[in-house]
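Subject: Structure for your review

Dear colleague,

Please find the structure below, together with its sequence.

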Amino acid sequence: MARTNMSRANTDTSSKDNPTPSPEEGGGEICPVCKGAGFVHPALDSGKADFSRVVPCRCSKGELRKKKTEYLEKYSNLGSLSQLTFDNLSPKGKAAGVVSQERFARVYQAARTFADKPQGWLVFLGPSGSGKTHLACAIANHRLKLGEPVFYITAADLLDHLRSAFSPSSDTTYDELFEQVKNVPLLVLDDLTLGSATAWAREKLEQLLNHRFNTRLATVITTDVPLERMDERLRGRLADSEFCQVWTIEPASPLKSRGSLELELLRSMTFDNFDHKRLELPTEQRQNLHQAYNLAVEFARSPEGWLIFQGVNGCGKTHLAAAIANYRLAQGKPVLFVVVPDLLDHLRSTFSPDSKISYDEFSEKLKETPLLILDDFGEQSTTPWAQEKLYQLINYRYNARLPMVITTCLSLDEIETRISSRMVDPRISLVFNIRAPDYRGNVKPTRQTKRY
């Protein structure tokens with residue numbers, strides 16, 4: 001980290017607005033290149049020199065521009081991060097999957113648009129290595145290239161500087177330093193977290209954010225804290241969609257199975273191509289299917305609690321679950337869609353010495369992902385090991401009240417009691433039995449599921 005220079009940036013643009021006339025244009029002075037003055041009197045409309053003002057001459061503009069650039073670069077506190085630009089950031093990110101690339105491309109475009117004209121707050125959520133710091137620094141470096149002031153700092157470094165300002169040997173007073181950070185035209189605050197901060201640190205960060213929010217100052221924030229786990233006051237500010245843009249960035253998912261939305265078939269399952277009318281069905285089944293469709297659309301728009309679809313194979317529950325996932329992805333929101341048998345296979349594979357991800361990392365990802373969709377929750381969950389792992393996952397998300405979609409062919413009576421008791425809790429869960437038969441044609445009747 002470069003040493004912080006907290007002086008206010010010089011944003012004078014008079015040299016841009018007042019072109020320097022040559023003597024022939026009415027400036028009334030010999031070119032100061034020879035004289036060494038560096039300034040001339042501009043011309044009035046009458047053609048005479050305006051001796052009440054001086055502006056840089058053409059010969060000195062380049063040097064002044066260079067000094068201003070050097071000053072702004074020093075002021076920005078970017079240091080070695082000045083190499084993080086849009087030029088060396090792939091518009092599709094590092095993920096291999098098409099869906100992940102498309103998602104990152106939307107975030108990338110939002111960052112480019114903001115860099116051209118910073119307005120409001122731009123917030124990047126995501127784990128380490130997701131690219132959020134590169135995006136934030138690319139914005140800062142773009143503003144510097146345009147000759148505009150910007151200040152970059154991590155939340156931890158900011159707090160360290162504020163503490164050190166109380167020292168008698170400090171070159172900058174606490175008030176000077178804090179005021180400058182509060183009022184810089186564009187602040188990039190990297191790695192913000194309030195959860196484990198001390199009461200003093202939380203107070204300072206809240207004062208800073210509250211001031212910049214109330215005065216409508218452009219700010220870029222990066223954090224690895226999911227939106228639903230943020231401090232309530234900060235989450236309230238971010239809910240102002242007219243002033244704040246919130247983008248979630250995720251690294252490529254380790255799931256590369258048929259349960260992943262990277263597959264073309266699942267990516268093509270949308271609400272637009274879901275046939276919820278099925279005119280060949282009896283009225284009761286058509287109404288039931290239409291109700292399932294409406295529930296899925298409503299959940300996709302605002303995921304809260306759990307939505308559980310029961311029904312025979314082919315009744316449309318997987319299509320609706322995938323449509324929810326694709327809708328959220330189109331909004332730039334994170335979602336993890338997995339088929340339960342594949343999920344259990346991946347959990348087992350993490351114990352292999354050749355695994356590229358540890359069990360703890362993979363398990364944590366499943367637990368913490370903002371929206372988890374578990375497809376085909378069925379017979380495979382009957383082994384003691386599988387039951388324990390699925391219970392740990394579901395119990396965590398139940399206690400944390402994290403949204404989830406589950407599809408299953410089983411009745412709740414056939415699901416392990418510890419799990420089914422959470423599924424039927426009306427405070428968090430809605431269980432809907434899709435009564436429509438298999439879309440794919442004639443199938444033998446299977447078990448009847450209960451409606452709750």
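Strand β6 is covered on both faces: A218, V220 and T222 on one side, and T219, I221 and T223 on the other, are all buried (under 20% relative accessible area with a 1.4 Å probe, protein chains only; exposed is over 50%, and partly exposed lies in between). Please note that this is a predicted model, in which local features need pLDDT of at least 70 and side-chain atom pairs count only at pLDDT 80 or more, while totals for chains, interfaces and linings use all residues. Residues are numbered from 1 along each chain as its sequence is written, and side-chain values use heavy atoms, with hydrogens and water left out.

Helices (H or I, at least four residues) and strands (E, at least two) are DSSP runs, numbered from the N terminus. β6 pairs in the parallel sense with strand β3 (residues 121-125) over 5 bridges, and with strand β5 (residues 186-190), also in the parallel sense, over 4 bridges; pairing requires that DSSP find at least two bridges between two strands. V220 in β6 has L122 opposite it, and V188 also stands opposite V220.

The second topic is a helix pair. Helix α14 (residues 359-368) packs with helix α15 (residues 384-400) at an angle of about 45 degrees, their axes being 9 Å apart. That makes α14 oblique to α15 (angles under 35 degrees count as roughly parallel, over 145 as roughly antiparallel, 65 to 115 as roughly perpendicular and the rest as oblique). Axes are lines fitted to C-alpha atoms, for helices over the stretch in contact, and angles run from 0 to 180 degrees between N-to-C directions. On the α14 side, Y359, L366, K367 and E368 meet K389, Q392, L393, Y396 and R397 of α15, contact meaning heavy atoms within 4.5 Å.

Finally, two backbone angles deserve a look. Most residues other than glycine have a negative phi. R216, in the loop between α8 (199-214) and β6, has a positive phi near 60 degrees, and counts as partly exposed at 42% relative accessibility. D376, in the loop between β10 (372-375) and α15, has a positive phi of about 65 degrees although it is not a glycine; at 29% relative accessibility, D376 counts as partly exposed.

With kind regards
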